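Please read the following report alongside the sequence and the three-dimensional view.

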Amino acid sequence: MNEKVHFLTRPELHTPTMVVGWTMDAGRLGRRVTDYLVRKLGGQAFCEIEPADFFPLNGVAIVNDIVFFPESRFYACPEKDLVVFLSTPPSYEWYQFLSLILDVAQDYCHVREIYTVGSMIAMGAHTARRQFFSTMGSPELKMELSRYDLTRETDFETPPGGRPTLNSFFLWVAKRRGIPSANLWIPIPFYLVSADDPEAYRGVLDFLSDRLNLGFDLADLDEQAGLQNERIMKGLTTYGQHSRKLIVSSVSWSVA
Amino acid sequence: MGWAVGIILHSEPELEQPDMIVGWPGIGNIGVLTVDTLRQQIEAEELGEIEPWDYFYPNKVIIRGSVLHDLEFPTSKFYYKRLANRDLLLFIGEEQPSGHGRMYAEGGKAYEMANRVLDVAEKFGCRRIYTSGAAVALTHHSLRSRVWAVATEKRLLAEMKGYANTLLMSEVEGRGDVGNITGLNGLLIGVAKKRGFEGVCLMGEIPDYLSRVPFPYPKASQSVLEMLAAILGVEVDMSALSDMTAQMEGVINNVFRQFPSEVRDRIDQRRREAQPGMITEEDEKWIKEHIDDFFHREDGDKGQ
């Protein structure tokens, strides 16, 4: 394949589904969903995209004494015929980067459908039900997925001066290649942007489990969500409505 | 119809050694406004485009009923027109392919884009390429913008100097004989030279204090377009640009009034020191309005 793609192994896959997540999104949704899938399904990394053309490799980021280096990795979960892709969002050359993902997905994996995971920052509270605001690549897929309550009949145009998201670009490139794809957008309360939001990734994993027959019971996530809700409520009682900063850091510390 | 990698041509008209005129956005949007006004005036037809996704990030997503309807990118389009005395190709880029968050194109992407434009020029037998852009100058916004010219060979410079209101970059007061043209409006001429095309870059003057202001400067576009019209031997109605200039004048004056008075005085001095012999638009208007007064006064004086 392309020299920018590096295969570690060559797992056997049969028209799998692919789930795509990005690190650094609100509520750590992409990382939490993909980590959960890989961990529960025993996924193994099998392929990487080389970072040189896509990231500013002018040093390395350190967060809490930990080195962070861009990662763009495919994982195979052959038992459930699933491919997971987790990546740092590229800084440059989006089209080339997305094309490489889809080269692997299409030419090597022969994927049948792709779901990207994305979080939207919302004004709603953590107690509100997390409704999907997904975008489908085609009316056919929308019809096929209609029983999952993924869409809200959204009409949207990027306002002047704005830019479409990486997920929208991905969906467009996948659509041009004829791959059935959907962006699974889910709202994250604004005060949980830099924390975890187990309620949100539970929603995404619940859909994926049902759609792909993964058999997750998700009780562990229910417990996490319950714990987090308790902490938020405790924080609100103790510090009042204006102490969101403390609450968020408390939630972040306890769940991370 | 497909033609070459990354270029889509809708038709392949027979053109006889057309000139190509190119514009990308830049300071004051002078180049792109010039070429787009010319395109409208001569009613040039769309010829094709460069596929955008390798060069640009999308600028708009359109979702209808939760289904992705379209993703839009900045366009890079070719146009053509058969004029009475020559054929023309036009190219208008909505954005410069800026790498790594920079304002102007540079490096591999810019070079690639320049070559795609020249691939089309070559295909249609083009010999000469014109680009246009901004010349940041120590001038005043009430003065007429002059046009600075640079070219790929001396013979062309001599030709350009023959047009009114034009000077060579080296003739600009205090500039010396070295300079630089930033972005694709400059790079294209360099690549054109490398590939054996004749190339000319025409730059309309914009006052230095307006060069970072994010609005167009149609006065300079008008000067460049007047020169292009003379070169091409076409009649171009300048009223749209004149109207735009008049509108912008109000905006610029508002900005100018907010400058500290010492700065304003210093800038106004430029107007007073405008080269002897140079008649500004304002002078011209004033003279037209008052010329009769002079004669009447002279008559009156004689009578006393």
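## Chain B overall

Among contacts in chain B between residues at least 6 apart in sequence, 73% join residues at least 24 apart, a contact being two residues whose C-beta atoms, placed from the backbone, lie within 7 Å. This is a predicted model, in which local features need pLDDT of at least 70 and side-chain atom pairs count only at pLDDT 80 or more, whereas totals for chains, interfaces and linings use all residues. Residues are numbered from 1 along each chain as its sequence is written, with chains lettered from A and ligands numbered from 1 in the order in which they are written.

Chain B has 8 helices and 12 strands, taken as DSSP runs numbered from the N terminus (helices H or I, at least four residues; strands E, at least two). Of its 304 residues, 38% are buried, that is, with 20 or more other C-beta atoms within 10 Å of their own C-beta, placed from the backbone.

## Nonpolar cores

In the largest nonpolar core, of 68 residues, A:Val83 and A:Val84 touch the most other members; such a core is a set of buried Ala, Val, Leu, Ile, Met, Phe, Trp, Tyr and Cys residues joined through C-beta atoms within 7 Å. Helix α2 of chain A (residues 94-108) gives the most to this core, with 9 residues. Apart from it lies another core, of 64 residues, including B:Ile27 and B:Cys126.

## An open helix

## Confidence in chain A

Chain A has a mean pLDDT of 89, and 93% of its residues reach 70 or more, pLDDT being the predictor's confidence in each residue, from 0 to 100. Over residues 250-256 of chain A the pLDDT is below 50.

How values were computed. Buried ≥ 20, exposed ≤ 12 C-beta atoms within 10 Å, placed from the backbone.
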